[in-house]
Each structure stands twice: as C-alpha cells, then as structure tokens.
Amino acid sequence: MSNKWHQFNLPDTIRIQSTPGKGRECIATQTIPANTTLLTVLPYVTGIFDNNKKRLCAVCVCTHPTKCFSLHCASCDQVYFCSAACRDAYTQDHRDSGCCDILRKLASLKKVDRHCKSVAKLVVMIYWQRRTRPDPLVDALESHYDHWPADVKLDWHRVRQFLWQQFRAADWLRPDETDTDIMHLASKIESNSFGLYLERRADVVAGRALYLPASMFNHDCDNNCEVEQWTEEDLEDEQVSIPSHDLGHPTDPPQPMATMYPSVFTQPRGKNRQMFIKTTRDVQANEPLTISYIDTQLPVATRRQLLAQDYYFACTCLRCAMESATLAKSKKQKSKKK
Ligand SMILES: [Zn+2]
Ligand SMILES: [Zn+2]
Ligand SMILES: [Zn+2]
C-alpha cells in the first residue's frame, strides 16, 4: 500500500497510517520483543530557554558541569558554546544570515510571556534552518492553533506581529505564507517538542527540541514504548569521548572534536541528546506503537485533564476507559448506600 509517509525513511518495523477516527498512527509491522530500540533520532532543532542559555551549548547541547560557558556568539549574545569548535561551526552557518539580528531583538522584546519567547526562539531557528535543510515532517506535524483559547492567542499577539515583520524583512517566508502559518508552527512546537533537561537535575527543563520522527508516536496511558535522551553521563558510561568543556579560555585552539559535533544546522549531531525510542514490552504485529506524553502515575481524571489542556485531545485509551468505568461504578455504589 503506498502512502505519503514513505518519504520519511522509517525502519521496516514501523509503518505510519491514517486511521479514520484516530488520525495518524505508528503501527508495528511485525512482532517486536520488549526492549528493542525502534528509532534513534537526532534533534532537528533545539531552543534553549533564556535563563539557561549560558548553561547549555547551542550546538552540541552539552551542559556546563558547574557554571556558565563564556564563549558566545558575538553578534547576538543569545547563544553560548562549550568549545571553540562548536562556536566556529555555529558562526560559519550564521554568518550574514539575519538570524542573530532576530534573536537579539526577540530577547529584548518587552511585555512578552517567557514561555512564548522560548517557543518563538524555536520558531526562528526552524524558519532559519528551513532555508537550507527543510524537513517535510515539520509540515506533517499537527497544529492545534485553531483550538487555542482567545486569551492564549492574545498572549501571543506581540510575538506574532514581531515574527511576521522580521521574517518578511529577512525574506524568509514562502510567497503564500501568512502570520497565521507562523502561529501554526508555534502550536506544532508546543504539542510536539520534547524537554531538554539539565544534567543531574532531571526536574529542570532548560530548553526544547523537536525530534521529528518521535512526534509521529501517539499517546497511550498504557504505552508500549518509551523515549530516552542520551546525555553526557550516558556517553561517559559508553566511553565515548566528549569535547573538553570550556572553562573560561576563549583563546583555546579548536578542539579536534569538530567532526564528532558538527554543525547542528547542516549535519546530524553527535550522540549527545540523541533520542532513543524503545519498546517496553513485547508488541504484536499491527499493534499501535505508543509513548506517554504525561506522567502515567497520575490518576485518570488528572491525566485526561492534562492531555486535553496541553495536547487538545480526550484520551480514549483502554486504560482510561477501564479506570473511569471503575470510578463511575464505585460512585454509583456509594450513592446507592446513601
Ligand atoms: Zn558544544
Ligand atoms: Zn548570534
Ligand atoms: Zn488514557
């Protein structure tokens, strides 16, 4: 059966299909044992939150072990680097690109919600990157912009205007693109990006990244796959060398690691922050492959509320159905006793 998802180079074990009433689904084409790695995905684009911009390298996304990196992009001061190699890779790509200019203006944009700003940063990176490395998966992602409540749209108003003006001035837009298209991308990022966590502080989200094929996996509260991000700690375990961190010596000669951590914007990155999607149990052929978008330890009502609020769908997974049926039954019994 021919379908439009073939262009995405997925492994033979996975197929993507559009199921009436369920939308896009990732399906196992064969029996897959538990603990099988289905996909390894490099981030397509990353955006580091302003308050952590000095802690994470903008190119290889490694974290400073103790304090802040000092190497940074001299034209915008919005991106920091672990090493001269990462800085040079970034600078080479961004020379005369207009990207620095937009990031600098975005950072100083007043009266804008911090969250909007962090998503807007990714929007800028994607528009910039699209010019040299477009990915059809970005277009295929689902946007919920049409369902955003009016107050959320209002929060975005200034950023929307700003991005529209900047992209138009930089000549980054396709001929038929409107400011609404920019907002659709913002919505896609909100629903499809994954958090980048600080090393050794798994509770601190320091940025966001789009891992494109990973976004094709639907949610289930009884998920049969899980995602895992590699960090420096895992790399150390694997005995793969990582670049020596810059500890305040901007004049250090370029590290010989340039080939391991090439430019994030034109080539795949190194292993750091790579995402693995693994099966957590045996999966049968034709079974949907699912991950969880939320903490599955939460009770059914909270799970459904979070999914509706952040991902715009009512979870109808088997586990939700069973748990809410049990809940309804016990409520009924309680009211009978009264
Ligand atoms: Zn780096
Ligand atoms: Zn810059
Ligand atoms: Zn559910």
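Which residues touch the most other members of the largest nonpolar core? In this predicted model, they are Phe 81, Val 123, Phe 167 and Phe 217, out of the 79 residues in that core. Helix H3 gives the core its largest share, 10 residues. Apart from this core lies another one, made of eight residues, including Cys 221, Val 300, Leu 307 and Cys 317.

Let's zoom in on Phe 167. Leaving out residues up to four places away in sequence, Phe 167 touches Ile 102, Val 123, Val 124, Tyr 127, Trp 172, Leu 173 and Ile 182.

| Helix pair | Angle between axes | Axis distance |
|---|---|---|
| H3 (residues 114-130) and H6 (residues 157-170) | about 20° | 11 Å apart |
| H2 (residues 99-107) and H3 | roughly 170° | within 11 Å |

Take H3 and H6: with an angle of about 20°, the two are roughly parallel, and their crossing is right-handed. On the H3 side, the contact uses Cys 116, Ala 120, Val 123, Val 124 and Tyr 127, while H6 brings Val 159, Leu 163 and Phe 167. Sorted by class, that's eight nonpolar residues, with no polar and no charged ones.

H2 and H3 are another story. Their axes cross at roughly 170°, so this pair is roughly antiparallel. H2 puts in Cys 99, Ile 102, Leu 103, Leu 106 and Ala 107, and H3 answers with Lys 117, Ala 120, Lys 121, Val 124, Met 125 and Trp 128. This contact has nine nonpolar residues, no polar ones and two charged ones.

How values were computed. Residues numbered from 1 in each chain as written. Chains lettered and ligands numbered in written order. Predicted model: local features only at pLDDT ≥ 70, side-chain atom pairs only at ≥ 80, totals over all residues. Heavy atoms only, no water. Axes fitted to C-alpha atoms, helices over the stretch in contact; angles between N-to-C directions. Helix = DSSP H or I, 4+ residues; strand = E, 2+ residues; numbered from the N terminus. Parallel < 35°, antiparallel > 145°, perpendicular 65-115°, else oblique. Left-handed = near helix turned anticlockwise from the far one by under 90°. Contact = heavy atoms within 4.5 Å. Nonpolar A, V, L, I, M, F, W, Y, C, P; charged D, E, K, R; others polar. Core = buried A, V, L, I, M, F, W, Y, C linked by side-chain atoms within 4.5 Å. Buried < 20%, exposed > 50% of the residue type's maximum accessible area, 1.4 Å probe, protein only.
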